[in-house]
Amino acid sequence: MRAPSMRGLGSATAIGLLLASAVVGCADTSKPDAGQAAPTSSASNADPTVVVSGMSFQPSTVTIRVGQAVTWKFDDRGIAHNVTSAAGAPARFASTIMTGGSYSHTFDQPGTYPYTCTLHAGMAGTVVVQ
C-alpha cells in the first residue's frame, strides 16, 4: 500500500501533521489497573549491608534513617578486618576483629558517621543518618 502524498497540503499543514504524529508516537498511553498500587521501592526501607571484601567497604557510603541498622558482612578470603567509628562520629561503635560473619549497629542519632578498619589504614567508609 502506498503512503498518501503531502504534496497537495500546505507546508504548515504538513509540518503540523508530522509534529502531531511524533507526539502521539511518544505518548505513554499505559495506565495502571484500577485498584492496583503504584510500584514502590522497598530498598529504602531495608537495612543496608556493607560487604567487607577486596580490602574495601562496598558500598563505601550508605544513607539511612534514624533507627535503622547497618550490617557489615566480612567476606575477604579470611583476611581480618574490623569496623570502628572514626573521630568526629556522633556516637562510637566498633566490631571485634573478624575474618568472617557479620556485625550490625543500629544508629539512633542523625549525623555523619565516618568509620575505618583499624588494621588497614586505607579502608574507610561513611554512614549518613538522616
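**The salt bridge**

Modeller: Happy to! The structure holds 1 salt bridge. Keep in mind that this is a predicted model.

Biologist: Which residue forms a salt bridge with Arg77?

Modeller: The partner is Asp76, and the closest N and O atoms of the pair are 3.5 Å apart.

Biologist: Is Asp76 buried or exposed? And what about Arg77?

Modeller: Asp76 has 1% relative accessibility, so Asp76 counts as buried. Arg77 has 71%, so Arg77 counts as exposed.

Biologist: How many bridges join strand 1 to strand 4?

Modeller: There are 4 bridges between strand 1 (residues 49-53) and strand 4 (residues 69-74), which run parallel. Strand 4 is also joined to strand 6 (residues 101-106), by 6 bridges, and those two run antiparallel. You can follow Trp72 here: Val50 stands opposite Trp72, and in strand 6 the bridge partner of Trp72 is Tyr103.

Biologist: How should I think about the nonpolar core?

Modeller: The general idea is that in soluble globular proteins, nonpolar side chains tend to be buried together. In this case, the largest nonpolar core has 20 residues, of which Phe57, Trp72, Phe107 and Val127 touch the most other members. Strand 1, strand 3, strand 4, strand 7 and strand 8 each supply at least two residues of this core. Leaving aside neighbours within four places in sequence, Val127 is in contact with residues including Val62, Trp72 and Phe107.

Biologist: And how many aromatic pairs are there?

Modeller: The count comes to 8 aromatic pairs. One of them is Phe57 with Tyr115, an edge-to-face pair at 4.8 Å centre to centre, with 70° between the planes. Phe57 lies in strand 2 (residues 56-58) and Tyr115 in strand 7, so the pair ties together parts 58 residues apart in sequence.

Biologist: Which residues do ring pairs link into a cluster?

Modeller: The cluster consists of Phe57, Trp72, Phe93, Tyr103, Phe107, Tyr113 and Tyr115.

How values were computed:
Residues are numbered from 1 along each chain as its sequence is written. This is a predicted model: local features need pLDDT of at least 70, side-chain atom pairs count only at pLDDT 80 or more; totals for chains, interfaces and linings use all residues. Side-chain values use heavy atoms; hydrogens and water are left out. Two strands pair if DSSP finds at least two bridges between them. A salt bridge is a side-chain nitrogen of Lys or Arg within 4 Å of a carboxyl oxygen of Asp or Glu. Buried means under 20% relative accessible area, exposed over 50%, partly exposed in between (1.4 Å probe, protein chains only). A nonpolar core is a set of buried Ala, Val, Leu, Ile, Met, Phe, Trp, Tyr and Cys residues joined through side-chain atoms within 4.5 Å. Contact means heavy atoms within 4.5 Å. Rings of Phe, Tyr and Trp (its six-membered ring) pair if their centres lie within 6.5 Å; planes under 30 degrees apart count as stacked, over 60 as edge-to-face and the rest as tilted.
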